[in-house]
Structure formats: C-alpha cells, structure tokens
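Trainee: Please show me how to read a protein structure feature by feature, with the general idea before each case.

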Amino acid sequence: MKDTEKLKQEITRLKSEKAALQVQSRLLDNFVNFARSSAKERLLTRLLQKTLEISAELTAADKGSLFLLDADGAVTDGILTRVDPSPEQRSRIIGQVFDKGLAGWVRQNHKLGLIVDTRNDDRWVNLPNQPYTVGSALAVPILKGEELLGIITLLHEQPEHFNQDGADLMQITAAQIGSALENAKLYSKLNESYRSLEKAKLEIETYSKALDKEMAKGKKIQRDFLPRKIPRIPGWEIAFDFHPARQVSGDFYDAFMLPENLLGLVIADVCDKGVGSALFMALFRSLIRVFSGKINLEGLSVPGTTKTEPDSHGDYFYEALNAISLTNEYIAGEHGEEGMFATMFFGVVDPRTGKMAYVNGGHEPLLIVSQSGVKKSLKSTGPVVGMIPGMEYQVKLITIEPGDMLIGFTDGVTEAMSPQQELFGKKRISTLLENLPSTASELIEQLKLELFKHIDNAPQFDDITILAVRREAQE
C-alpha cells in the first residue's frame with residue numbers, strides 16, 4: 001500500500017516536472033521569437049502576457065495577474081486581468097492587493113499562497129466594482145534564491161478549483177518562469193545599452209565627419225599659407241616637397257622675392273604636431289614674411305641678430321635676416337606660456353652673385369653640394385626661434401657656386417622609422433649625394449624614393465619637408 005502511494009507521488013512529481021519543462025520550453029521559444037521581432041522595446045511586456053497565458057492554461061484558471069518587483073519589493077511592471085484600467089485605477093488596485101490582499105501576503109512571506117475558498121480566508125480582499133466573483137485563488141512567488149522577482153496570481157470563479165497538486169505544479173513552474181523573466185529583463189537592459197551605444201556611435205560619427213570637414217578646411221588653409229608659386233629666377237631652380245604626418249602640419253617652407261631682387265628661402269619645423277603646431281606654423285611664416293620685407297624696419301629694436309660679414313651687398317642683404325630676432329621676440333614675449341618654438345633656417349640669396357647670408361636657428365644643417373660631394377654644412381648659428389627672448393643669432397655668408405646645390409630637410413626625414421624601428425639617418429642622405437642628380441627636382445624625387453622605401457608600411461610619425469635649390473652651371 002505504501003509502495004503504491006509512493007509510486008503515485010513519484011508519478012505526480014514527474015508529471016509536474018514534465019509540465020514545468022514544457023512551460024520553460026514554450027517560454028524560451030516565445031522569448032527567442034520576441035527577441036527576433038522588430039518590437040524589441042515591448043519584449044518584457046509581451047513575455048509577461050505570454051507567461052500569464054501559459055500559467056492560466058496550465059491550471060485552467062479563469063483570470064490572473066503577474067507583477068514584477070524590484071529588490072525593495074516595489075512593483076516595476078505588471079499585467080492585470082481587468083480590461084484597460086486607467087492609470088489611477090491600476091495604481092489603486094495594485095496598492096490594495098499588495099497592502100492587504102493575497103499578493104501582499106506572498107510578498108511578505110515569500111511563500112506560495114493557496115486560497116481554496118475566498119469566503120473563508122481573510123487573505124482575500126474583495127475590491128469594489130469587481131466585475132466577476134472569485135471562488136478560489138492561487139498566488140505563486142517567482143524567486144531567484146532569496147530574491148522575489150515577481151508574483152503570479154491565478155483566479156477561478158469556483159471554490160476548490162485550485163488544490164495542492166496544482167499549487168505544487170505552479171511552484172515548480174515558477175522557477176522556470178523566473179529564469180525566462182530574468183533573461184528577458186537582462187536582454188531588455190542589453191538591448192537598451194545597444195541602442196544607447198548605437199546612438200552614441202551615430203553622434204560620434206556625425207561629430208567625426210564634422211571634425212574631418214573642419215580639418216580638411218584647416219589643411220586647405222595651411223596649404224594656402226605655403227607658396228603657391230615658386231619664384232622663377234633665370235639660372236636657378238628651386239624645388240620643395242612636403243608630406244604632413246597628419247592632416248595639418250608644423251613644418252613649413254617658403255620662397256619669396258625681397259626688395260633689391262633678393263630671394264628669401266625658409267625651411268622650418270614647429271615643435272610638436274597637429275592643430276597647435278599648424279596654427280603656430282602660420283604665425284611663424286607670416287612674421288618672417290612681414291619682418292623681412294613688408295614693413296619699414298626703422299626704429300624696431302632687434303636685440304640679437306648681428307652682422308659678421310662685410311655688407312658689400314647693401315644693408316638690406318643682412319637687414320632682412322633681422323626677421324629671425326623679431327620673430328623670436330614676438331613669439332617668446334606674446335606666446336611664451338604655450339612653450340611653442342621652431343627650428344628655422346632663413347637664407348637671403350643674391351641670384352646675380354650666388355651670395356647667401358643666412359641664419360640657422362637650431363635647424364638641421366643644410367648642405368652645399370657639388371658633383372664632388374658635400375662642400376659645406378650650414379650648422380646652427382643660434383638657438384631655436386620663439387623659446388627665450390633676447391637670443392642672439394649669428395649671420396653667416398656663403399656662396400652657392402654655379403653647379404652647386406643647396407639641400408635642406410626637417411628631422412622628419414632623418415628620423416623616419418622603418419618597420420624594423422631603424423632610423424633613415426644622415427648616412428643614407430650622404431650616400432645619395434655621392435651621385436648628385438643634374439636637377440633639384442630629380443634630387444628630391446630620388447630622396448623621396450629612398451625615404452618611402454625605407455618607411456615602407458610603417459606609420460609616418462613626423463612631418464617631412466625637403467628643400468633643394470640649384471644654381472645652374474655656366475656654359
């Protein structure tokens with residue numbers, strides 16, 4: 001007899017577990033289908049509705065409701081069986097049910113609540129204007145460990161409709177429902193995070209496009225600061241090449257005519273990279289042009305530049321080079337806090353004689369080269385420009401003979417890195433100059449070819465600028 005009773009209990013348990021697994025399977029199927037649908041923002045609501053439908057079907061209940069709770073026991077979401085209650089009615093119903101009703105008892109005790117006959121159980125609260133009569137009720141806690149996730153309440157008009165077997169079945173099922181609801185809540189949060197990320201991504205892309213557009217404008221403006229037309233002087237060839245590491249650059253070059261038919265040559269490298277360097281590049285370049293020949297220099301205090309060579313070419317041949325000291329004073333005095341400076345070579349050439357007076361403010365030495373090799377290295381004659389006021393810049397004088405070439409570059413050439421982290425260096429330049437091409441343009445092309453072959457697919461870390469000036473050989 002006892003064995004028969006145990007067998008019946010085991011069969012009942014297995015049926016309950018089977019039913020619970022079927023519920024879980026149906027809930028997961030619905031969860032997957034809802035998650036794939038376009039209305040993902042209503043995923044949790046639709047799953048609550050389906051959960052309530054399955055629970056009512058499982059117990060043959062007439063009505064039901066399902067509430068989700070937060071960690072403090074407050075209702076966060078729910079499905080009511082009453083038809084379209086107003087927000088005020090809904091709030092009042094929930095308040096009454098969770099204050100004195102069966103759902104409130106379950107919330108407080110974290111236990112299943114079974115009312116066989118509502119007439120004989122004080123846990124049941126009859127609400128005013130209730131459109132149907134409830135004879136029996138079952139309220140099941142949905143638990144995750146000790147945490148109460150929600151409560152399912154099932155109703156029937158007849159007393160004794162719900163019994164302990166049905167209660168046990170729903171209690172087993174509630175664990176499966178809890179897993180599905182937890183997944184739905186997590187998915188909703190994840191989906192919301194994805195939407196936030198997508199929105200942020202769109203905002204970033206919009207901002208990035210706007211920034212790219214502005215940077216393109218900045219690049220064009222900076223390009224316009226560089227000389228559009230190189231002076232054409234009989235018997236001379238002037239060539240430049242310029243490759244910024246970013247959209248805007250701190251390197252710059254210039255070639256312009258000065259009074260008395262003199263030629264001004266500049267190659268410079270403003271410290272750092274990017275927008276800040278580009279802004280100062282424009283300022284340096286403008287100051288050199290203005291101070292060297294666009295304004296009257298009389299009465300201006302020039303604390304540093306000195307003349308060390310006979311001024312047989314007239315005062316202006318050297319006076320133009322005061323632009324270096326004037327620029328240094330202005331940058332150091334007005335913008336010293338920014339700590340911006342430039343290495344700069346400024347030469348003034350008399351095309352008739354080949355004489356060139358120059359100042360080298362901390363820049364890479366320029367080279368005078370002939371077919372027999374490097375004739376002279378034009379090293380620094382003073383510090384970098386713009387760092388400290390009152391600096392002295394020595395003026396030097398050399399002659400570019402017929403057939404000679406003046407070559408200058410920024411440190412973006414010598415410090416260019418290969419994929420193996422090897423510097424391009426000055427030795428490669430010296431080797432290239434052993435077989436001097438016949439034109440300045442050819443020299444730059446050969447140097448570029450070797451340089452970018454060396455860089456290969458490595459990133460370009462610094463701006464690259466090259467200057468080549470050739471005085472044609474006399475026939």
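Trainee: Which residues of helix α4 are buried?

Mentor: Burial is judged by relative accessible area: buried means under 20%, exposed means over 50%, and partly exposed lies in between, using a 1.4 Å probe and protein chains only. Helices (H or I, at least four residues) and strands (E, at least two) are DSSP runs, numbered from the N terminus. In α4, the buried residues are Leu102, Ala103, Gly104 and Val106. Please keep in mind that this is a predicted model, in which local features need pLDDT of at least 70 and side-chain atom pairs count only at pLDDT 80 or more, while totals for chains, interfaces and linings use all residues. Residues are numbered from 1 along each chain as its sequence is written, and side-chain values use heavy atoms, with hydrogens and water left out.

Trainee: Now for the chain as a whole: how many helices and strands does it have, and what share of its residues is buried?

Mentor: The protein chain has 11 helices and 15 strands, and 46% of its 475 residues are buried. Contact means heavy atoms within 4.5 Å, and of the contacts between residues at least 6 apart in sequence, 68% join residues at least 24 apart.

Trainee: How many aromatic pairs are there, and why is the pair of phenylalanine 345 and tyrosine 358 called stacked?

Mentor: Rings of Phe, Tyr and Trp (its six-membered ring) pair if their centres lie within 6.5 Å, and planes under 30 degrees apart count as stacked, over 60 as edge-to-face and the rest as tilted. The whole structure holds 4 aromatic pairs. For phenylalanine 345 and tyrosine 358, the ring centres are 5.5 Å apart and the planes stand at 25°, so this pair is stacked. Phenylalanine 345 belongs to strand β9 (residues 342-350) and tyrosine 358 to strand β10 (residues 355-361), so the pair links distant parts of the chain, 13 residues apart. Both phenylalanine 345 and tyrosine 358 are buried. Elsewhere, one aromatic cluster is formed by Phe240, Phe242 and Tyr253.

Trainee: Which residues have the most contacts inside the largest nonpolar core?

Mentor: A nonpolar core is a set of buried Ala, Val, Leu, Ile, Met, Phe, Trp, Tyr and Cys residues joined through side-chain atoms within 4.5 Å. The largest one has 34 residues, and Phe284, Met344 and Phe346 have the most contacts inside it. Elements giving two or more residues to this core include α6 (275-294), α8 (322-335), β9 and β10, and the largest share, 7 residues, comes from α6. A second, separate core of 23 residues includes Phe409, Leu433, Leu451 and Ile455.

Trainee: Leu433 is also among the buried residues of helix α10; where around the axis do those residues lie?

Mentor: An α-helix has 3.6 residues a turn, so residues three or four places apart point the same way. In α10 (residues 425-433), the buried residues are Gly425, Ile429, Leu432 and Leu433. They cover an arc of only 150° around the axis, which puts them on the same side of α10, the arc being that of the directions from the helix axis to the C-beta atoms. These buried residues pack against several elements, among them β14 (405-409), α9 (411-414) and α11 (440-455).
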